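User: Hi! Could you walk me through this one?
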2 protein chains.
Amino acid sequence: MKTYPVNEAHRLETGQLNMPPRLLLGPGPSNAHPRVLQAISNQQVGHLDPAFIGVMNDIQEMLRYTWQTSNPFTLPVSGTGSAAMEATLANLVEPGDVVLVGVIGYFGERLVDMAGRYGADVRRVERPWGEVLSLDDISRALDEHKPTILALVHAETSTGALQPMDGVAELCRAHNCLFLIDTVTSLATSPIFLDEWGVDAAYSCSQKGLSCPPGASPFSLNERALAKLDRRQGKVPNWYLDMTTLANYWDGKTRSYHHTAPINSMYALREGLRLVVEEGLNERWARHQANAELFWEGLAALGMSCHVKEPANRIPALTTVRVPDGVDAKAVAGRLLNEYNIEVAGGFGQLAGKVWRVGLMGFNSRKENVTLLLAALKEILL
Amino acid sequence: MKTYPVNEAHRLETGQLNMPPRLLLGPGPSNAHPRVLQAISNQQVGHLDPAFIGVMNDIQEMLRYTWQTSNPFTLPVSGTGSAAMEATLANLVEPGDVVLVGVIGYFGERLVDMAGRYGADVRRVERPWGEVLSLDDISRALDEHKPTILALVHAETSTGALQPMDGVAELCRAHNCLFLIDTVTSLATSPIFLDEWGVDAAYSCSQKGLSCPPGASPFSLNERALAKLDRRQGKVPNWYLDMTTLANYWDGKTRSYHHTAPINSMYALREGLRLVVEEGLNERWARHQANAELFWEGLAALGMSCHVKEPANRIPALTTVRVPDGVDAKAVAGRLLNEYNIEVAGGFGQLAGKVWRVGLMGFNSRKENVTLLLAALKEILL
């Protein structure tokens, strides 16, 4: 082959990686647990190595515990949370399927967008950003649209609202409709009972409640969802996320090659899940609730308030704080980052400039972080 | 909300991660460089943090050097190599487009499968596994099929064959056809000159020549490819890999949120690329070639041969070794793994049972690894 002189134009010389010591109290990523960061730096083995198969089995079983499901088809997708979200729709939606999406914030909008790309006839049932849907809202929308799939966001990270799930599965069964939920911000931070709730498909991420870096994202289907996948005509229109072929890698028997798994992200996920198992779900949920309440009380003492009025409808891991009148939300977030190394996020969409989004999730849900953030806010605002 | 007792059935108790010290001499993943494993365990920052934007810029610029391109649109996809492969087709293929794929092994077959899922009218130009296409083969196929896109695999990891690229771009220009190549196994191991070769779209992975864990995968489009993307009707039918929206995160100006990037995989990729920049491309290519030749000579001395006859058509980073008559390929690979902690892979498809696939890539392309593998093979086979 012909050769050419090497072009040195883009030969950028850089220093060693030197990241600031941020405390990540935004909507995610949240700081990884130190044990997770030790695990992720283990040397790789091959993705078909018997030793890695043990890692895969561990992850699957601990994910079942964390989600409270016995679904055999529970595994991590090789991408960040959005890839797991897309995996549910890519596999379950067939062109022309009516998909009803509960839109109470940005992530509902994203489900609408994604489902449309897979040919769904998308319908919406909505509430303003910060509210949740009532069982009546959902019931009326199911009656009206008669969907094949109902998709709800359990913890709407853009608004701080936690969608109640009681009674939804019964309605879905009555309408012969699959029930899909987004648990990106709620997994391992709020009570979730996939099986008791009658959820057919769910997805999450690694960088919030599980205290891992982003990169490998939980995904689960029950038999009703798998039956729909089994009946589908033609290939899943997404190769990377095609569960009909990925199944042979994760099924515990065949372990046949599909794509190279992100080995080290799996190491991290295993360690994050071990921490959940060690702590116990009840204790973990209670810790998130207690630190959230501590933060809410501290906000009230500073004369500030939460965007989601009803405490029962607030996501324990993610609080939307109302920006006081006359305060520049962006400037405050900038000072927190630059002076205190604390990341919080602003609002967007309907809540742009109106709220800060504050995450206390996984490893970061600790009393000292609440105390520090409140003290820093006090220094900046008062 | 109703609560339930926590089901303890799946509360698996496991020990600390304890992986065997494998030397990964298969087709990938290859062992990460120790400096990369230090980098990956750095604490995260947010994906919109100014400090992370510096990491993104570094990666993009060093990727341009490594691929020898000045394409502004050069970035890592948030998944393993197959996701980057899919990203090229998802963005560039519109339903009905004729896509001509050079099929000289499994990864050509995968391109056929993926392109079909995006509605392409897929045509093939083929050679048996282990051979490469001649410029005449390609010219005749372009004349016959008049494709919109020609996709070739530069380094066909399933066969060990390195596809020559001389003259292909000129034919593509004459046919007004985009030229797409797979450089999964060749990036940072064999000479690649994306711009000089007239390549319009390319993808790769992190876990081979770049000595990183799998998880963030290089992707590049030039202006001709971007012009096709710009002309496409309707949304890209894949949300996660949609470059029209991801562009706003990676463009160096807007940095607007699309999905949470796999932060730590980006730290790793940055360090892997720094190692390329420090070594220099000419030196790196020469190292891979020299260690491959050392291995080929050692094989000959053991009475063994390479599946790809012509040395110029062999991938320096990945050799397919013919399994001697009467030898059980799987048993030998099993002994290498269990007795020596060395991973090599078998063949599959047309080469099942007929070859071993031996990778000497990135950090692992070192003389001592050649010596060890040859000595271990000698102990097992002679």
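Analyst: Happy to. A word on terms to begin with: buried means under 20% relative accessible area, exposed over 50%, and partly exposed in between, with a 1.4 Å probe and protein chains only. By that rule A:Cys177 is buried, as its relative accessible area is 0%. Please keep in mind that this is a predicted model, where local features need pLDDT of at least 70 and side-chain atom pairs count only at pLDDT 80 or more, while totals for chains, interfaces and linings use all residues. Residues are numbered from 1 along each chain as its sequence is written, chains are lettered from A and ligands numbered from 1 in the order in which they are written, and side-chain values use heavy atoms, leaving out hydrogens and water.

User: How many disulfides are there over all chains?
Analyst: The count is 0, taking a disulfide as a pair of cysteine sulfur atoms within 2.5 Å. A:Cys177 is in none, and the nearest cysteine sulfur, from A:Cys172, lies 4.1 Å away.

User: Switching to strands: what is the order in the open sheet of chain A?
Analyst: The order is β11-β14-β13, 3 strands with antiparallel pairing. Strands here are DSSP runs (E, at least two residues), helices likewise (H or I, at least four), numbered from the N terminus, and two strands pair if DSSP finds at least two bridges between them.

User: Which strands stand at the edges?
Analyst: In chain A they are β11 (318-322) and β13 (345-346); each has a single partner strand, so one side of each lacks a neighbour in the sheet. β13(A) is joined to β14 (residues 355-359) of chain A by 2 bridges, with A:Ala345 opposite A:Arg357.

User: What packs on that sheet?
Analyst: Helix α10 (residues 281-301) of chain A does, touching β11 and β14 of chain A, and its direction makes about 10 degrees with that of β11(A). Contact means heavy atoms within 4.5 Å; axes are lines fitted to C-alpha atoms, for helices over the stretch in contact, and angles run from 0 to 180 degrees between N-to-C directions.
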